[in-house]
Amino acid sequence: MSIAVSRALCRVLSRQTAVPTNVSSLMGVDGHVSQGPWFASVLTLKTSAPLRAEPKKKKKVDPRREQMVRERLKKKLKKLERVPPELIPIEDFTTPAKYMDETRVRGAPQLPFEESERRALLLKEWSRYKQTQHRAEMEAVGLAVEAQREALEELRLESEELYQAALRPDPLLFPFNHQGPSYTPPKAQYEAPEGKYNNITKVYTQ
Amino acid sequence: MAAPCSRMANRPLWQFITNVRRTGLKHTGVRQISLSSACRAATQTRSKTEGVPSPWKLYGAVCLQRLPVISQERNPIEDQFAELMHQMELERSLLSDHEQRLLEDSERMTRKQADNYDSDEEEADYGGQETITAQDQEDTWEQKLKHFQPALRDRDVGGTPLGSVERCLGDSLVLLVQQTVGKETIWLLPQAQWEAGETLRQTAERGLSSLPEADFKATFLGNTPCGVYRYKFPKEVRTERCVGAKVFFFKAFLSAGSASQKEPFLWVKKTELQGYLKPPYLEKVDRFILNL
């Protein structure tokens with residue numbers, strides 16, 4: 001505002017200095033501003049309000065307004081982000097509705113006394129069998145560990161260098177893959193038929 | 001520490017301070033001496049190993065196992081228990097979709113064959129489509145299964161040769177070779193003598209790869225030996241430098257391989273080892289060969 005006013009005043013003063021030269025050139029008399037009405041209106045033209053106002057002010061207010069709008073949007077986004085994410089439901093823990101249907105219940109058979117006795121005795125026999133199996137396994141593993149310990153002892157007595165080399169872990173061992181035993185042995189040159197499947201698992205995103 | 005403490009409790013302060021100083025010095029003195037003695041012992045052993053070579057010859061051997069290919073036969077008790085479990089699970093379960101379909105189809109058949117059968121009503125419910133019954137589907141599935149012929153489980157009823165890898169598919173087998181040790185040729189796990197500059201595991205790998213006319217691909221299970229067999233040479237052969245030999249065993253699983261039938265290889269189960277290995281050797285080897 002002040003700059004505009006000062007610019008206007010400068011222009012007025014220059015007009016004042018300029019005009020008398022014109023006048024003097026024309027009329028040869030020392031010049032004054034208030035010579036004639038036409039000069040005065042020309043001088044006031046540049047300093048009127050509409051010409052001073054809008055185009056220069058727009059450059060400051062609009063960026064400010066846009067900034068304010070952007071800040072408000074960011075604040076709204078932050079408020080939304082503060083909400084904790086929805087937990088993904090574990091589908092294994094919810095019984096699907098179709099299994100609560102009563103028509104699906106199998107008739108519970110009435111077991112005779114002999115049958116239930118036989119079952120109880122078989123279960124006890126099985127637990128005894130498994131116990132002996134477990135003990136045998138534990139003993140076998142214990143013997144193997146003892147054998148390894150003795151081997152390392154003897155190796156240490158032999159040479160420290162070989163002992164340290166033996167203790168180092170083998171990085172190439174894992175991942176170790178091996179096909180376990182199946183019911184029937186594999187057939188040579190057997191081509192399994194290609195099957196196709198549609199994967200309908202639900203994928204949740206947080 | 002108990003005795004000095006009781007003394008400190010009885011005496012006045014200045015004596016207490018001097019006592020503490022003395023005990024402190026004593027402890028540090030003792031510690032220093034013990035440290036230096038330990039260091040001396042260590043250096044002595046090191047000089048022993050570096051200066052004087054050990055009187056034992058070192059060998060690296062490999063216990064190559066072919067893991068079972070098929071599952072073992074069930075014991076009678078295992079059979080009974082498996083049946084019982086199957087029965088109990090069936091009793092405690094709900095009807096599956098397929099079983100429900102079977103029931104519905106059978107009900108519909110009975111309704112069709114009844115006297116007051118109203119076909120218009122039925123077809124209005126089911127949209128007049130020709131549905132495939134669940135029983136028909138079961139039959140087609142059975143037919144498809146019959147087309148597939150699986151390989152037989154007990155292939156070696158006739159008796160495959162002992163050198164074949166295919167025998168006793170239900171058990172894990174160990175490789176035995178015949179090698180000359182000293183003056184005799186005996187059956188043992190493949191071994192090779194240790195050379196300077198290689199680890200014992202590399203010796204075992206060399207022992208396996210140097211088997212004539214055999215190409216076995218094995219995965220060794222780590223750098224640690226699983227067992228050791230130490231024996232002294234007979235008195236004629238014994239010298240100042242070599243009293244005997246130590247054989248270190250390494251475990252490996254067979255991944256792929258083949259061998260010609262000419263060479264004397266044996267693939268034996270743990271129970272059959274007794275017929276081929278010498279008793280002291282067998283005693284040590286039996287421990288780490290697991291039949292699990």
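Buried residues have under 20% relative accessible area, exposed ones over 50%, and partly exposed ones fall in between, with a 1.4 Å probe and protein chains only. By that rule, 31% of the 292 residues of chain B are buried.

Before you click further: this is a predicted model, where local features need pLDDT of at least 70, side-chain atom pairs count only at pLDDT 80 or more, and totals for chains, interfaces and linings use all residues. Residues are numbered from 1 along each chain as its sequence is written, chains are lettered from A and ligands numbered from 1 in the order in which they are written, and side-chain values use heavy atoms, with hydrogens and water left out.

**Stop 1: the two chains**

You will find six helices and zero strands in chain A. Of its 206 residues, 12% are buried. Chain A exposes about 18,700 Å², with 59% of that supplied by carbon and sulfur atoms; accessible areas come from the Shrake-Rupley method with a 1.4 Å probe, and for residues only the protein chains shown count as cover.

Now switch to chain B, which has eight helices and eight strands. Take contact to mean heavy atoms within 4.5 Å. Among chain B contacts between residues at least 6 apart in sequence, 71% join residues at least 24 apart.

**Stop 2: a helix pair in chain A**

Select α5(A) and α6(A). Their axes come within 6 Å and cross at roughly 145°; axes are lines fitted to C-alpha atoms, for helices over the stretch in contact, and angles run from 0 to 180 degrees between N-to-C directions. Show the side chains of Leu152(A), Leu155(A) and Arg156(A) on α5(A), which meet Glu160(A), Leu162(A), Tyr163(A), Ala166(A) and Leu167(A) on α6(A). By class, this contact has six nonpolar, no polar and two charged residues. Here Ala, Val, Leu, Ile, Met, Phe, Trp, Tyr, Cys and Pro count as nonpolar, Asp, Glu, Lys and Arg as charged, and the others, Gly among them, as polar.

**Stop 3: the largest nonpolar core**

A nonpolar core is a set of buried Ala, Val, Leu, Ile, Met, Phe, Trp, Tyr and Cys residues joined through side-chain atoms within 4.5 Å. The largest one has 27 residues, of which Leu64(B), Leu175(B), Leu208(B), Leu211(B), Phe216(B) and Phe248(B) touch the most other members. Elements giving two or more residues include α5 and α6 of chain A, and β1 and β7 of chain B. The largest share, four residues, comes from β7(B).

Centre on Phe248(B). Leaving aside neighbours within four places in sequence, its contacts include Ala151(A), Glu154(A) and Leu155(A), as well as Leu58(B), Leu200(B) and Pro225(B). Another core of 25 residues lies apart from the largest one, with Trp187(B), Tyr231(B), Val268(B) and Leu282(B) among its members.

**Stop 4: Ile70(B)**

Go to the loop between β1 and α3 (76–92) of chain B, where Ile70(B) lies. Ile70(B) counts as buried because its relative accessibility is 7%. Beyond neighbours within four places in sequence, Ile70(B) contacts Pro181(A), Ser182(A), Tyr183(A), Thr184(A), Pro185(A), Arg153(B), Leu169(B) and Gly170(B). Draw a distance to Arg153(B): the two C-alpha atoms are separated by 7.5 Å, although the residues are 83 apart along the chain.
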